[in-house]
Amino acid sequence: MHPQVTFDVIGDDNPKAFMGGECDLMLYYGPVNDANLVENWVTRSLFVPCASPKYLEKAGYPENPDELSDHAGVVYTGRVRPHSEVLVKNGRQQTFRWKSMIRFNNILLAKTAAVEGCGIVLDMPLHHCFEEVMNGQLIPILNGWQIPNLDNYIGSTLAASKLRRVQMFIDFYVRRRREIEGEQKRRLQEKYNFII
């Protein structure tokens with residue numbers, strides 16, 4: 001739409017890193033309620049508990065959180081969001097523990113480990129695993145139990161929010177991401193009867 005616009009994308013797992021004015025926008029879980037930040041709600045995240053068919057054939061399909069103590073966990077430890085110690089289903093909460101864990105501070109490395117059969121990942125964002133779930137590399141598990149969802153935001157510093165290019169990008173991004181995630185959720189429900 002605007003080929004003359006240039007972007008620098010910085011992958012930083014410190015959500016406060018951009019407040020120094022080094023970039024115009026940041027995508028994050030929020031809100032953070034900072035007076036120096038203009039926040040725009042985007043979508044409600046959906047975390048998909050899943051594992052590879054290879055892992056599930058070897059270790060079995062857990063139906064509830066108690067059974068996770070017999071399984072290996074692929075655990076995301078990055079700083080971009082809080083980490084849950086509970087799973088929820090129909091308003092109920094339950095704690096869980098793993099037999100063993102492999103931890104990653106990068107969500108894409110965690111996804112790769114899950115696809116390769118290293119264990120179960122409980123908090124894989126749908127937008128990161130949609131293709132793998134649809135093509136059968138990852139299978140949703142736990143019969144409706146999942147990590148509590150979080151809200152996705154796009155934020156800008158006060159100074160950046162006054163720039164026309166920034167506001168145009170925010171408007172485009174919010175609209176497009178809602179379209180994409182809405183379609184992904186619909187297709188996930190169709191294929192797996194996944195509770196959203």
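The report below treats a sheet with its packed helix, and then a pair of helices.

## Basis of the description

This is a predicted model, in which local features need pLDDT of at least 70 and side-chain atom pairs count only at pLDDT 80 or more, while totals for chains, interfaces and linings use all residues. Residues are numbered from 1 along each chain as its sequence is written, and side-chain values use heavy atoms, with hydrogens and water left out.

Three strands form an open sheet in the order 1-10-2, with antiparallel pairing (strands are DSSP runs of E with at least two residues, helices runs of H or I with at least four, numbered from the N terminus; two strands pair if DSSP finds at least two bridges between them). Strand 1 (25–30) and strand 2 (37–44) are the edge strands, each pairing on one side only.

Strand 1 and strand 10 (residues 151–157) run antiparallel and are joined by six bridges, and Tyr28 stands opposite Tyr153 in strand 10. Helix 5 (residues 164–192) packs on the sheet, where it touches strand 1, strand 2 and strand 10 (contact means heavy atoms within 4.5 Å).

## Helix 2 and helix 3

The axes of helix 2 (residues 107–115) and helix 3 (residues 126–134) come within 11 Å and cross at roughly 25° (axes are lines fitted to C-alpha atoms, for helices over the stretch in contact, and angles between N-to-C directions run from 0 to 180 degrees). Helix 2 is therefore roughly parallel to helix 3 (angles under 35 degrees count as roughly parallel, over 145 as roughly antiparallel, 65 to 115 as roughly perpendicular and the rest as oblique).

Ile107, Leu108, Lys111 and Val115 of helix 2 make the contact with His128, Cys129 and Glu132 of helix 3.
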